[in-house]
Amino acid sequence: MAAIEDQFWWFQALRRNMLTWLPPPGAAPLRLLDAGAGTGGWLKYLATHRPDIAAIGLEFDGKAAVWGQARCTRPFVRGTINSLPFAPASIDIITSSDVLCHAGVDEAKALAEFHAALKPGGRVLLSLPAYDWLLSEHDRAVHNSRRYTEPRLRQQLTDAGFRPLRSSYWNSLLFPLMVLRRKLWPSEGSDVSALPPLVDAGFSLLTGLETAWLRRGGRLPFGGSILIEAVKDA
């Protein structure tokens, strides 16, 4: 992951989409927690594109945390989203990508922890894999035990005390290829591996069109992943 995530089309698309939905710069620096920061790709991206944000990473895996700290020069904390090591009402934004779906995560407990750590008016921005029927060898390789639908995810956030603001599927234009890959020609492990440069560029172009649509306020009715933003009102 550390070796390819700066170039791989999927990670690039994820970060463009999440950047599009972050609050604009304000008078005071925003404190952002990336919950499940992996090897630091999103924090490294933020350092370039949103240097106004004071970002910190939380990562359960010790080796990933060491890699992330070295790659992005942002502070990393070892821990789990089941029990966040942060004071109540101390964070402005929590981002988390493909973490709530992990087998070791208690969804209700993690969302309650997010809610407690956020300031009133703070926001959570999640990207998660879509559709349980798409569970595959890739999910097992990366320890995903569940996937989501947009209505289910909105309800879970509401039950945790959040007010959903907007949501959309993404990775829609390539979704037919994803279904064929996962169902007819499944890999032995994760699908995350380097692609020929022309293929990677083509996939980046298509997902870039989706980002442009989301930036204009559009939404996508289906796709391989779901992006959702919610606010803690009090």
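1. F175 is buried, with a relative accessible area of 10%, where buried means under 20% relative accessible area, exposed means over 50% and partly exposed lies in between, computed with a 1.4 Å probe on protein chains only. The model is a predicted one, in which local features need pLDDT of at least 70 and side-chain atom pairs count only at pLDDT 80 or more, while totals for chains, interfaces and linings use all residues. Residues are numbered from 1 along each chain as its sequence is written, and side-chain values use heavy atoms, with hydrogens and water left out.

2. On aromatic rings, the count comes to 11 aromatic pairs, a pair being two rings of Phe, Tyr or Trp (for Trp, its six-membered ring) whose centres lie within 6.5 Å, with planes under 30 degrees apart called stacked, over 60 edge-to-face and the rest tilted. The rings of W10 and F11 have centres 5.4 Å apart and planes at 85°, so this pair is edge-to-face, and both W10 and F11 are buried. The rings of W133 and F175 are also edge-to-face, because their centres are 6.3 Å apart and their planes stand at 80°. This second pair links distant parts of the chain, since W133 is in the loop between β5 and α5 and F175 is in helix α7 (residues 175-183), 42 residues apart; helices (H or I, at least four residues) and strands (E, at least two) are DSSP runs, numbered from the N terminus. W133 is partly exposed, with a relative accessible area of 47%. Ring pairs also link F8, W9, W10, F11, W170 and F203 into a cluster.

3. Which residue forms a salt bridge with R163? The partner is D233, with the closest N and O atoms 2.8 Å apart, a salt bridge being a side-chain nitrogen of Lys or Arg within 4 Å of a carboxyl oxygen of Asp or Glu. The pair links distant parts of the chain, with D233 in the segment after β7 (225-231) and R163 in strand β6 (residues 163-170), 70 residues apart. D233 counts as partly exposed at 45% relative accessibility, and R163 counts as partly exposed at 42%. Elsewhere, salt bridges that share partners join E5, D6, R15, K44 and R71 into one network.

4. The count of salt bridges comes to 15, and one of them joins R146 to E107, with the closest N and O atoms 3.4 Å apart. This pair, too, links distant parts of the chain, R146 being in the loop between α5 (137-141) and α6 (150-159) and E107 in helix α4 (residues 107-117), 39 residues apart. Both R146 and E107 are buried.

5. The side chains of E137 and R140 meet in a salt bridge of 3.3 Å, N to O. Because they are 3 residues apart in helix α5, E137 and R140 are separated by about one helical turn. E137 counts as partly exposed, at 33% relative accessibility.

6. Grid points are joined across faces, edges and corners, and a volume is the space filled by probe spheres set on the points. The largest cavity holds about 30 Å³ of space, and W21, L22, P23, I93, R123, V124, L125 and E229 line it. Strand β5 (residues 118-129) gives the largest share of this lining, 3 residues.

How values were computed:
1 Å grid on protein atoms, 1.4 Å probe; cavity = no way out; pocket = protein on both sides within 12 Å on 5 of 7 lines; lining within 4 Å.
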